[in-house]
Amino acid sequence: MKRSWYAAPYALWMLLFAVVPLLFVCWYAFTTPDGHFTLANFQEFSKPRYLGIIVRSLKLALYCTALCL
């Protein structure tokens, strides 16, 4: 038996719990509620009420990364 088969459960786990949710996030980011492709969702980032939230989220991600390292 090849040793590469030992990675099969991990690959399935990653597919189900990392890749599939990421595909869902991408789907909702680039489509309207009707399912049509749009980039209008990304225009919301430039609004002042969301910029503060984005900056705070990026700072929190930086702090968490530094703490984990």
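**Aromatic pairs and a salt bridge**

Both Trp13 and Phe17 are exposed, where exposed means over 50% relative accessible area, buried under 20% and partly exposed in between (1.4 Å probe, protein chains only). Before going further, please note that this is a predicted model, in which local features need pLDDT of at least 70, side-chain atom pairs count only at pLDDT 80 or more, and totals for chains, interfaces and linings use all residues. Residues are numbered from 1 along each chain as its sequence is written, and side-chain values use heavy atoms, with hydrogens and water left out.

Let's stay with the aromatic residues. The structure holds 4 aromatic pairs; rings of Phe, Tyr and Trp (its six-membered ring) pair if their centres lie within 6.5 Å, and planes under 30 degrees apart count as stacked, over 60 as edge-to-face and the rest as tilted. For Trp13 and Phe17, the ring centres are 4.5 Å apart and the planes stand at 45 degrees, so this pair is tilted. Both residues sit in helix H1 (residues 8-29), 4 residues apart, about one turn of the helix; helices are DSSP runs (H or I, at least four residues), numbered from the N terminus.

Now look at Phe30 and Phe37: their planes are at 5 degrees and their ring centres 6.1 Å apart, so they are stacked. Phe30 is partly exposed at 31% relative accessibility, while Phe37 is exposed at 62%.

Finally, a search of the whole structure finds 1 salt bridge (a side-chain nitrogen of Lys or Arg within 4 Å of a carboxyl oxygen of Asp or Glu). Lys47 forms it with Glu44, and the closest N and O atoms are 3.4 Å apart. Lys47 is partly exposed at 39% relative accessible area, and Glu44 is partly exposed at 30%.

Key:
Helices (H or I, at least four residues) and strands (E, at least two) are DSSP runs, numbered from the N terminus.
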